[in-house]
Amino acid sequence: MQSKNFVCVLVFMLVIPWSLQATVSIKKKEPVKDCVKNKADCLNSTIPLVAMANITTTPKPKMAEFQINAQKTISISKDDLNDLLDVYMSKLAENAATINDKENEISVLQERDKTEEEILLKYQDLNTTCSAQNITFGINLNEKVSQIKHLQLNVSIYEARLKRKNHLLSIYRKLNASNTSTIIDLKSKVKDLERRLRERKDDLMADWEAATNSCLSYGKTVGIHLIQLPEFRPFLVPCEGRTAAGPGWMVIQRRYDGSVDFYRNWQAYRQGFGKLNAEFFLGLEKLHRLTSYQPHELYVSLRLFNGTTRFAFYDDFLIGSESEGYVLKLLGTYHGDASDAMRTHDKMKFSTYDRDHDEFTHMNCAEYHHGAWWYDFCSRSNLNGKYFKAGTDSEQSIFWDRWYSFNSLKSVQMLIRPKSAA
């Protein structure tokens, strides 16, 4: 539609000068009209009269020529031109109205474009903001993802731990069930021990009331009893009344299974160690107090690994004080079938690996024999030596020498009792 209006306007613009040119050419022929009015002038004219008559009687329509291009020319009359002009003027008015409408539409569109530009700018601003937020959200999202992975890892670890704990819990529940029965048994044992402890307490109270200075009063019985000496705290001792040497003996040393280590220092031998109902050593200070309070005799019971038993008896046994090195002051006369292997230790001080009282200057006999004893150069007896589970010829063993040998003994007991028993 717009292209057609443009063609019409173009034709109109071309027609106007062509119409003006036609008007000018028609005015130049106005002398013909004057010739009709003034015949004299017509006579002088070169125009034939017939022509004048034709012109006057049948006037030709006024024509105008329009050259479209070099090959084409259009001829048109004034009236047609005016009609055409009226048509194109109306068309021009319509086109002007159409153009006005289009201009209004263009204005509206321009306003809309401005609004859309504003919206676009806002959209761009929002897009920029959203992009920045997306970057921030992306960073936060990555952090959250890493946190989620870390939490998932922790969850897997905790699940594994929970499985282990559940497994342990099931084990502990089973143990608890078994421990419950064990606890019930232990409670019954505790009650039994409490009963026995009360009985033992009663026995100790009875012993306390009837405390003596030896085991003579207990005769042929076997048990642990309380001994009371002047200016010395009471202490327990095992009494042994069923021996080949008769009743009333006090056990001061016992070895038979190696359950107690006898390679100990001076302080341990001073105080005593072990269990009175198992392997033990009564203590040098107690031996000094006992043998100093009244004369005692010594009985040594020996058992070999082949089952043979032997004994050594000394009728006057006395131990000195700590300031004297717990010296073996007296032994008396020997009787027995084991040999007088303790004789060489008479008048010797007691030695341990940290207190060397032997006669050797270049060695410690307690270290050499892995024990503690009244060593001289070094020893013919070593009842506190190392316990061997089988017969062994070793200078560290428990031995009682008959022919200067170190054959180990299976068991040994040292017992004392007051000489008044004889």
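1. Salt bridges come up nine times in a search of the whole structure, a salt bridge being a side-chain nitrogen of Lys or Arg within 4 Å of a carboxyl oxygen of Asp or Glu. As you read on, please keep in mind that this is a predicted model, in which local features need pLDDT of at least 70, side-chain atom pairs count only at pLDDT 80 or more, and totals for chains, interfaces and linings use all residues. Residues are numbered from 1 along each chain as its sequence is written, and side-chain values use heavy atoms, with hydrogens and water left out.

2. Let me start with helix 5, which covers residues 78-209; helices (H or I, at least four residues) and strands (E, at least two) are DSSP runs, numbered from the N terminus. One of its salt bridges pairs lysine 102 with glutamate 105, at 3.7 Å from N to O. These two residues sit three residues apart in helix 5, which means that about one helical turn separates them. An α-helix has 3.6 residues a turn, so residues three or four places apart point the same way. Lysine 102 is partly exposed at 32% relative accessibility, and glutamate 105 is partly exposed at 41%. For these labels, buried means under 20% relative accessible area, exposed over 50%, and partly exposed in between (1.4 Å probe, protein chains only).

3. Aspartate 192 and arginine 195 form another salt bridge, with 2.4 Å between N and O. Both residues belong to helix 5, and they too are three residues apart, about one turn of the helix. Aspartate 192 has a relative accessible area of 30% and is partly exposed; arginine 195, at 35%, is also partly exposed.

4. Arginine 343 and aspartate 340 supply a further salt bridge, this time at 2.9 Å from N to O. Arginine 343 is partly exposed with a relative accessible area of 30%, and aspartate 340 is partly exposed at 23%.

5. Back in helix 5, do look at aspartate 79. On the surface, Asp79, Asp80, Asp83 and Asp86 gather in a patch of negative charge. Patches are made of residues with over 30% relative accessible area and no salt bridge, with like charges joined within 9 Å and nonpolar side chains (Val, Leu, Ile, Met, Phe, Trp, Tyr) within 5 Å. Aspartate 79 itself is exposed, at 56% relative accessibility.

6. Now to the disulfides: the search of the whole structure finds two, each a pair of cysteine sulfur atoms within 2.5 Å. In one of them, the sulfur atoms of cysteine 215 and cysteine 239 are 2.0 Å apart. This link is left-handed, with -70 degrees about the S-S bond. Cysteine 215 is buried, with a relative accessible area of 1%, and cysteine 239 is buried at 3%.

7. The disulfide between cysteine 365 and cysteine 378 has its sulfur atoms 1.8 Å apart. Its S-S torsion is about -75 degrees, so this disulfide is left-handed. The pair links distant parts of the chain, 13 residues apart, with cysteine 365 in helix 8 (residues 365-368) and cysteine 378 in the loop between helix 8 and strand 12 (381-382). Both cysteine 365 and cysteine 378 are buried.

8. Some backbone geometry deserves a look while you are here. Most residues other than glycine have a negative phi, and most peptide bonds are trans. Phenylalanine 377 and cysteine 378 are joined by a cis peptide bond, with omega about -15 degrees. Histidine 370 has a positive phi of about 55 degrees although it is not a glycine; histidine 370 lies in the loop between helix 8 and strand 12 and is partly exposed, at 22%. Glutamate 231, likewise not a glycine, has a positive phi of about 55 degrees. Glutamate 231 is found in the loop between strand 3 and strand 4 and is exposed, at 79% relative accessibility.

9. Finally, a word on helix 7 (residues 284-293): seven of its 10 residues are buried, so helix 7 is largely enclosed by the rest of the structure. Among the buried residues are Glu285, Lys286 and His288.

Definitions and conventions. Areas by Shrake-Rupley, 256 points an atom, 1.4 Å probe, with all protein chains shown as cover. Lys, Arg positive; Asp, Glu negative; His and termini not counted. Charge placed at Lys NZ, Arg CZ, Asp CG, Glu CD.
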